[in-house]
Amino acid sequence: MRAALLGAALLLAAAGRAAAADSSAADGPRAVTRNALERSNAIVRGSGDRQQKLLALRDVLRDFLDTEALARLAAGKHLDGRSPEETAEFLRLFRELFVRTYVQRLLLFESPDFAYGAETISGRDATVGTEIVTPRDRFAVDYRLQKSPAGWRATDILVEGVSIARNFRAQFDAALAKDSFQGVLERLRKKLDGRVEGEF
């Protein structure tokens with residue numbers, strides 16, 4: 001009788017651990033990434049004009065992308081010594097620019113599929129490997145995520161090994177070598193308004 005009760009207790013404990021693992025996997029970085037990409041893909045494939053799709057994709061990606069972390073990685077030392085108002089303005093402008101850039105790249109692919117690779121977790125940091133699959137090509141896209149109180153959020157995206165945030169940083173370094181911080185902010189505003197083309 002005692003052995004039977006002990007066996008039942010062990011089974012219940014194992015079931016509890018399995019349920020917890022399933023729950024963790026459902027909220028893990030790979031599941032969060034997959035959910036965001038599948039929702040994005042449904043929008044890209046769905047009805048509506050380009051502007052409607054842009055707005056819908058922004059809503060999905062605002063929950064998935066940690067644009068403040070991305071902005072700080074892109075700006076690096078250039079935010080040192082800036083006023084709270086300047087920093088807040090840069091973070092706002094960068095958020096809009098990054099989401100728009102990422103969304104526009106998604107819309108370049110007609111009916112893409114996604115393949116999901118390995119998930120690597122180290123403490124609060126994780127990397128999820130994916131591929132964008134088209135009839136002619138496959139593109140490796142790795143998402144770096146960090147655990148926050150709101151859950152796992154992407155802090156950088158690597159396309160074929162190239163960091164989007166670091167690409168923005170190179171642009172930002174080049175821009176500030178020729179212009180003031182306020183000048184770069186104004187160029188960002190114009191870019192978002194469609195008044196300038198190309199890199200900022």
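**Hairpins first, then the helices**

Mentor: Let's begin with the strands: E2 and E3 form a hairpin with four residues between them. Keep in mind as we go that this is a predicted model. Strand E2 covers residues 125–133 and strand E3 covers residues 138–148, and the two pair in the antiparallel sense over nine bridges. To find your way along this pairing, pick out Thr127, whose bridge partner in E3 is Arg144.

Now follow the chain onwards. A second hairpin joins E3 to E4, this time through two residues. Strand E4 spans residues 151–159, and its pairing with E3 is also antiparallel, over eight bridges.

Ala154 and Asp63 are 91 residues apart in sequence, yet their C-alpha atoms are 9.4 Å apart in space. Asp63 belongs to helix H3, and with a relative accessible area of 56% it is exposed.

Helix H3 runs over residues 50–64 and also holds Lys53. Lys53 is a curious case, being buried yet without a salt bridge. The nearest side chain of opposite charge is that of Asp49, 8.4 Å away; a salt bridge would need the charged atoms within 4 Å. What the side chain of Lys53 does reach is the backbone oxygen of Gly46, at 3.2 Å.

Our last stop is a group of rings. The structure holds eight aromatic pairs. One of them is Phe90 with Phe172, a tilted pair with 5.0 Å from centre to centre and 35° between the planes. Phe90 lies in helix H5 (residues 84–108) and Phe172 in helix H6 (residues 164–178), so this pair ties together parts that are 82 residues apart in sequence. Phe90 is buried, at 1% relative accessible area, and Phe172 counts as buried at 1% as well. Both belong to one aromatic cluster, together with Phe94, Phe98, Phe168 and Phe181.

Val184 sits in helix H7, residues 181–192, and is buried with a relative accessible area of 2%.

Definitions and conventions
Residues are numbered from 1 along each chain as its sequence is written. This is a predicted model: local features need pLDDT of at least 70, side-chain atom pairs count only at pLDDT 80 or more; totals for chains, interfaces and linings use all residues. Side-chain values use heavy atoms; hydrogens and water are left out. Buried means under 20% relative accessible area, exposed over 50%, partly exposed in between (1.4 Å probe, protein chains only). Lys and Arg count as positive and Asp and Glu as negative; His and the chain ends are not counted. A polar contact is a pair of N or O atoms within 3.5 Å; within protein, one must be able to donate a hydrogen and the other to accept it, and residues adjacent in sequence count only if both atoms are side-chain atoms. Rings of Phe, Tyr and Trp (its six-membered ring) pair if their centres lie within 6.5 Å; planes under 30 degrees apart count as stacked, over 60 as edge-to-face and the rest as tilted. Two strands pair if DSSP finds at least two bridges between them.
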